[in-house]
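Reader: I have a model open and I want to learn how to read it. Can you take me through it feature by feature?

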Amino acid sequence: MANAYASQSFTLPAPLSLDNGETLASAQIAYETYGELNDEKSNAILICHALTGDQYVASDHPITGKPGWWVRMVGPGKPIDTDRFHVISANVIGSCMGSTGPASLAGDGKPYAMRFPVITIRDMVRGLIALLDGLGIDQLHTVVGGSMGGMQALSLAANFPTRAARVLVLASTARHSAQNIAFHEVGRQAIMADANWLEGDYYGGDVPASGLSVARMAAHITYLSEEGLTDKFGRRLQDRDSKSFGFDADFQVESYLRYQGTGFTQRFDANSYLYITRAMDYFDLAEEFAQSGNDTTEAAKLANAFAGHARGEGARFCLVSFDTDWLYPTAESRHIVHALNAVGAPVSFVELSAPYGHDSFLLDLPALDRVVEGFLK
Amino acid sequence: MSPQNTGPLRPDLEVIASHIAAGTRVLDVGCGDGTLLAELQLRHGVDARGMEINAERVEKCVARGLSVMQGDADHDLAQYPDKSFDYTILSQTLQTAARPDRMLDELLRVGSRAFVSFPNFAHWSTRAALMFGGRMPVTKALPVNWYATPNIHHVTIADFCELLREKGVAVEKQWFFSGGQSVGAATANWRAESAVFLLSRDLGRD
C-alpha cells in the first residue's frame with residue numbers, strides 16, 4: 001500500500017541506519033505541507049503524529065474522508081498559523097499511510113510483514129531528519145508533537161539539538177511506564193491471537209480486523225478519562241429500553257468502542273500497530289543517554305539527553321500536560337521539565353485542566369490554543 | 001518574541017527591573033502573570049524565566065511568549081543547579097512560603113544574588129489596626145482576612161534583617177516604600193508598607 005495515499009513522497013537517498021543494527025534501504029517518507037516556506041527557510045514547523053496518526057493534520061483523510069486530525073490547531077489564522085509558518089507533517093517509518101512500513105514491498109517484491117525491522121522512536125526521527133535534509137531545512141522554527149509525537153519531538157531535541165529552535169511537547173513522556181507497556185501488550189496479543197494474522201503474512205487475504213479492533217478498543221479507553229466516559233455515556237443503554245440479558249452492545253459505551261475499533265481497521269495496518277507500539281514501549285530517553293553509572297538520580301540521567309541545550313544555548317522548550325491524562329500523567333512531564341532545568345534550558349511547563357483525558361491535546365481547549373500560539377511567537 | 005508591556009510597574013518591581021543589567025539570567029519565583037518578566041525581557045534584554053504555582057497565570061505567561069514553568073517554589077527550586085541564575089527574584093511571595101528561611105537559602109543557592117520584596121507587617125497602619133481594633137489587620141497591602149490570606153508568615157523589616165544576620169546574608173542594597181514614595185531606612189520599620197532587598201552570600205567565592 002506504499003504511496004497509495006501519499007500526497008508527496010520522499011525517497012531517502014541513503015539507507016536508514018536503525019537502532020537494532022540493521023539498515024532500511026530505499027525508505028520512503030510520505031508527507032504533507034501547508035503554508036509557504038520563506039526564503040531563509042526559517043519558518044518551518046514539523047508536526048509529529050501520534051501512534052495511529054498520519055500526515056493529514058489539516059487535510060481530509062484519504063480513506064475516511066474525515067477532516068485532518070489537527071484542523072482545529074493548524075491552518076490560516078489558527079494557533080499554528082499557516083499564513084506565517086510552513087508546516088510539515090510526515091508519516092513515520094513503520095506506519096502505513098505511504099511511508100515505508102511492514103505493509104511495504106521488500107526487495108523481493110513481497111510485503112515485509114514481520115521481516116520489517118523492529119524500529120524505535122529514534123529511528124522514526126532519523127527518517128524525519130533525512131526528510132528535512134532533503135527539503136534543505138537546517139533548523140526548524142519548532143518541532144511539535146503530542147503523545148508519541150511528543151516522544152519524537154523530545155528525541156529530535158536530544159539527538160539533533162541544532163535542528164529545532166523550539167520544542168513543543170504535549171501530553172507526552174520521556175519513557176514508557178510498565179502500565180503503558182502493559183496496555184500495548186494487550187493490543188498486540190489481541191492482534192496476534194486473530195486467526196487471520198498468520199504470523200503477519202495476511203497481505204492479499206483477510207486482515208486480522210477483529211484483533212486490531214480489540215487492540216484499538218483497549219487503547220481508546222486509555223485515551224479518555226473516567227469523567228469523560230461517564231459524561232458521554234454513563235450507564236445509558238444503546239437504542240433499547242432495557243438490558244438484553246445477552247452480549248449485544250447493550251451499553252452506549254460498548255457500542256461506541258465497537259464503532260471506534262471497527263472504524264480503525266478500515267484505515268490502519270495491524271502489523272504497523274505492532275511495530276509502532278513496540279517502538280513506543282522501547283522509548284526511554286534517559287536510558288538512551290545513560291552514562292556509566294555516575295548519575296544517581298532519574299533527573300540526572302535524563303538531563304544527559306539534553307546536554308546539547310545546556311545554559312540556554314539550545315532550543316526553547318514548552319511542555320503541556322492535562323490533569324485528567326492518566327496515560328502520560330503530569331508527573332511524566334514534570335520529570336522532563338526537571339531534567340531541562342537541571343541543564344539550564346529555557347522551559348515552560350503548564351498542566352492544563354481538561355475533562356477529556358489524554359486526548360485533550362486533540363480537542364477543543366482554548367487554553368491550549370493560547371499556550372501554543374504564545375510559545376510560537 | 002514580543003511580550004506586551006502593560007504600563008507602569010509596581011514600585012518594588014520597578015526598582016528591581018532598573019537594577020538588572022541586560023544579558024543577565026534571571027528567575028522570577030512566583031512570577032504571577034509575568035508583568036516583571038515581560039518588562040525584563042522586552043525593555044532590558046534579560047534572559048528572564050519564571051516559576052508560578054497557578055496554572056491560569058502560567059498559561060497567561062506562556063501566551064505572552066515568556067518561559068515560565070508551573071511549579072511550587074517550596075519544592076521545585078531544588079531542581080535548579082547552584083548559581084543557575086545571576087539573579088533570583090521573590091517579589092511579595094516570601095510571606096507565603098512554607099519556610100521562608102529555607103526559601104531564602106534556595107534563592108541564594110540557585111542565584112548569585114537575590115531580590116526579595118515583601119509587605120512590612122510592622123507598618124504603622126498594621127500596628128494601629130491590631131492595637132486599636134484588636135483584630136488581624138486588613139489593609140491596602142494585606143487585603144485578605146486572616147483565614148483566607150495566603151500570607152502565612154507575616155514578617156516585619158526588623159524580623160527580616162534579623163534573619164539575614166543569623167544566616168550571614170549580606171544586604172547589597174535596600175529600598176523601602178510607602179504609597180509609592182521612598183522611605184528612609186531609619187524609620188522604615190514603621191513607615192514602610194513594603195521593602196525590597198538585594199541580597200548575596202559568599203560573593204568572595206563567585
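**Reading the model**

Author: Helices (H or I, at least four residues) and strands (E, at least two) are DSSP runs, numbered from the N terminus. Keep in mind that this is a predicted model, in which local features need pLDDT of at least 70, side-chain atom pairs count only at pLDDT 80 or more, and totals for chains, interfaces and linings use all residues. Residues are numbered from 1 along each chain as its sequence is written, and chains are lettered from A and ligands numbered from 1 in the order in which they are written.

Reader: Is H2(B) mostly covered or mostly open?

Author: First, the cut-offs. A residue is buried if 20 or more other C-beta atoms lie within 10 Å of its own, exposed if 12 or fewer, and partly exposed in between, with C-beta atoms placed from the backbone. By that count H2(B) is mostly covered, with 7 of its 10 residues buried. They are Thr35(B), Leu36(B), Leu37(B), Ala38(B), Glu39(B), Leu40(B) and Gln41(B).

Reader: What covers the buried residues of H2(B)?

Author: Contact comes first here. Two residues are in contact if their C-beta atoms, placed from the backbone, lie within 7 Å. The cover of the buried H2(B) residues includes H1, strand E1 (25-29), E2, H3 and strand E4 (85-91) of chain B.

Reader: At what angle do the axes of H1(B) and H2(B) cross?

Author: Axes are lines fitted to C-alpha atoms, for helices over the stretch in contact, and angles run from 0 to 180 degrees between N-to-C directions. Helix H1 (residues 11-18) and helix H2 (residues 35-44) of chain B have axes that come within 10 Å and cross at roughly 35 degrees.

Reader: Is the crossing of H1(B) and H2(B) left-handed or right-handed?

Author: Look at the near helix. A crossing is left-handed if the near helix is turned anticlockwise from the far one by less than a right angle, and right-handed if clockwise. The crossing of H1(B) and H2(B) is right-handed.

Reader: Which residues of H1(B) and H2(B) meet?

Author: From H1(B) come Leu13(B), Ile16(B) and Ala17(B). They meet Thr35(B), Leu36(B), Glu39(B), Leu40(B) and His44(B) in H2(B). The residues of this contact divide into 5 nonpolar, 2 polar and 1 charged. Ala, Val, Leu, Ile, Met, Phe, Trp, Tyr, Cys and Pro count as nonpolar, Asp, Glu, Lys and Arg as charged, and the others, Gly among them, as polar.

Reader: Now the whole chain. How many helices and strands are in chain B?

Author: Chain B has 8 helices and 8 strands. Of its 206 residues, 47% count as buried. Its C-alpha trace spans about 50 × 40 × 30 Å along the principal axes.

Reader: What radius of gyration does chain B have?

Author: The radius of gyration is taken over C-alpha atoms, and the globule rule is 2.2 Å times the number of residues to the power 0.38. For 206 residues, a compact globule would be near 17 Å; chain B has 17 Å, which agrees.

Reader: And what radius of gyration does chain A have?

Author: Chain A has 20 Å; a compact globule of 377 residues would be near 21 Å, so the two agree. Chain A holds 11 helices and 12 strands. Buried residues make up 53% of its 377 residues.

Reader: How is chain A divided into domains?

Author: Domain bounds come from an automatic or database domain assignment. Here they give domain 1 (8-179 + 283-376) and domain 2 (184-279). The C-alpha centres of these two domains of chain A lie 26 Å apart. Their contact takes 27 residues from domain 1 and 23 residues from domain 2.

Reader: How many residues does each chain give to the contact between chain B and chain A?

Author: Chain B gives 19 residues and chain A gives 24 residues. Strand E2 (47-52), helix H3 (55-63) and strand E3 (67-70) of chain B each supply at least two residues of the chain B side. The largest share of that side, 5 residues, comes from H3(B). By class, the chain B side has 9 nonpolar, 6 polar and 4 charged residues.

Reader: Back to phi. Where does Phe245(A) lie?

Author: Phe245(A) is in the loop between helix H5 (226-232) and helix H6 (252-267) of chain A. Its phi is near 50 degrees, a positive value in a residue other than glycine. Phe245(A) is exposed, with 7 other C-beta atoms within 10 Å.
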